[in-house]
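Hi everyone, thanks for coming. Please have the sequence and the model open while I talk, and we'll walk through a few places together.

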Amino acid sequence: METIKDNSFFYRRLHSLLGIIPLGLFILEHFFTNSFAMQGSTVFNDKIVFFATLPYLIVIEIVFIFIPLLIHGIYGLYIVYTGQANQIQQSYYRNWMYLIQRVTGVILLFYIGWHVWTTRLSALFYGKEVSFDMMHKMLASPLVFWWMLLGVVLVAFHFANGIWSFSIVWGITIGPKAQKRMGYFTMGLFVILAVVGVRALYAFL
Amino acid sequence: MTNTIRFKIKRQDSPDSSPYWQEFEIPYKAGHNVVSALMVIRETPVTRDGKKVKPVVWECNCMEEVCGACTMLINGEVKQSCSALIDDLDQPIVLEPMSKFPVVRDLMVDRNRMFENLKKSKAWVDIDGSWDIHEGAPRISQEEWDRTYIFSRCITCGSCLEVCPQFDKDNDFMGAQIIAQVYLKNTHPTGKFKSADRLHALMGKGGIAECGNAQNCVEVCPKEIPLTTAIGDVGRQVTFQVLKDWFGK
């Protein structure tokens, strides 16, 4: 029987899986937790303390967030490199989604790199306190506010549309009808996630 | 109605030389298709500005859109030139060779990669015995036939690959054509004995994982093969194959 000599299949499927578990689940948790900001600074800061005092926090962060982010981001860049967009010749809806998924992915690599640095790593290295007040001060700059708004909307899209292609890759949605239904579901999820994320962002203002 | 038919044709003298454009004009005749018009040009290969040139080279065979040989870019869209009717096309009609395959000469490309990939993925059905095996031909239910027959209509034209953003001259991706043929052969009562081999071929370099789900393939397939359904189904087969490979032994 034929044996497999190449690892690209494994990496590609790993990239696909990591996008949902754990990264997608983390996005859901992250958007939800940030929504506590709508109930004021005390409630939000309590949640920050809850997460900051989790046992094995650094292990959880490295294994379930940092490493998956790096693999998904770097291999994602490689996937972008392997493709050649052809929207001008083939202007179909799904072909546009193919391109947007890649463009949002590349922008998010910069956005998440910046976000992780400003709100986590710099706190870790320089002992900066992460709190409602810190976010409030950061978001006072219109540039930061619009940059974060863009990041929230793009990550909502990239995750939602990622579920659509994940479902085909792993063989959950096979036929065109199932894929169309999944298309409606994921675009609905995109809108809901974007609204939740943007409302949380506004709560810090 | 114009009384001439104008062509702008991308020409290339050899696989390594650079391409150039030439324009041709022939008298209008009702019912012309691109192949019959190219035949008229071949009779008197003179460009619009009166220069006598070498006749345009292209491939064609069946003249009824079942062999795939005459596939080329017609006004930027990948089509079989035998079934591309002049009356349906804007003029000047721009003819180019397919961009994802090496050009042999003018509009003729080398599509051998598709046949090599059929071999790589074992996309055939082994005979069930060259001797008498005391069994009748394997049975296929009407429902299964309804679902799978259309995949046997593939003419290996390469249209699905031409429009695929993941299929490129310089990479190994096998593309929708192969995935659809693996789907067909894996459903066949005799062919399914080799399913694992075919799936393993698609789990290797250039296999199904390279698909980016842009789904252009299914939009342009001239035989209306549900290519993306095959990609989804083979994706599921591969998922189960991974489970068998990892946890089954």
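Let's start with B:Gly191, which counts as buried because its relative accessible area is 1%; buried means under 20% relative accessible area, exposed over 50%, and partly exposed in between, with a 1.4 Å probe and protein chains only. You'll find B:Gly191 in the loop between α5 (176-187) and α6 (195-202) of chain B. Helices (H or I, at least four residues) and strands (E, at least two) are DSSP runs here, numbered from the N terminus. Which residues touch B:Gly191, once neighbours within four places in sequence are set aside? They are B:Val125, B:Lys185 and B:Arg198, where contact means heavy atoms within 4.5 Å. From B:Gly191 to B:Glu162 is 29 residues in sequence and 28 Å in space, C-alpha to C-alpha.

Before we go on, a word about what we're looking at. This is a predicted model, in which local features need pLDDT of at least 70 and side-chain atom pairs count only at pLDDT 80 or more, while totals for chains, interfaces and linings use all residues. Residues are numbered from 1 along each chain as its sequence is written, chains are lettered from A and ligands numbered from 1 in the order in which they are written, and side-chain values use heavy atoms, leaving out hydrogens and water.

Next, B:Asp106, in the loop between β6 (103-105) and β7 (108-109) of chain B. Is B:Asp106 buried or exposed? It counts as buried, because its relative accessibility is 1%. Its side chain makes a polar contact with the side chain of B:Arg11 at 3.0 Å, and also reaches the backbone nitrogen of B:Val57 at 2.9 Å. A polar contact is a pair of N or O atoms within 3.5 Å; within protein, one must be able to donate a hydrogen and the other to accept it, and residues adjacent in sequence count only if both atoms are side-chain atoms.

B:Arg11 takes us to strand β1 (residues 4-11) of chain B, where B:Arg11 sits on the covered face with B:Ile5, B:Phe7 and B:Ile9. On the uncovered face are B:Thr4, B:Arg6, B:Lys8 and B:Lys10. β1(B) runs antiparallel to strand β2 (residues 20-27) of chain B, joined by 8 bridges; two strands pair if DSSP finds at least two bridges between them. There, B:Lys8 stands opposite B:Glu23. With strand β5 (residues 93-96) of chain B, β1(B) pairs in the parallel sense over 3 bridges, and B:Phe7 stands opposite B:Ile93.

A cis peptide bond joins B:Gln91 and B:Pro92, with omega about -5 degrees. Chain A has a cis bond from A:Ile21 to A:Pro22, with omega near 10 degrees.

Finally, the two chains together. How much area do chain A and chain B bury between them? About 2,900 Å², 52% of it on carbon and sulfur atoms; buried area is the accessible area (1.4 Å probe) that two parts lose on being put together, summed over both. The contact takes 31 residues from chain A and 35 residues from chain B. Across this interface there are 14 residue pairs in polar contact, both at pLDDT 80 or more. On the side of chain A that touches chain B, α1(A) gives the most, with 5 residues.
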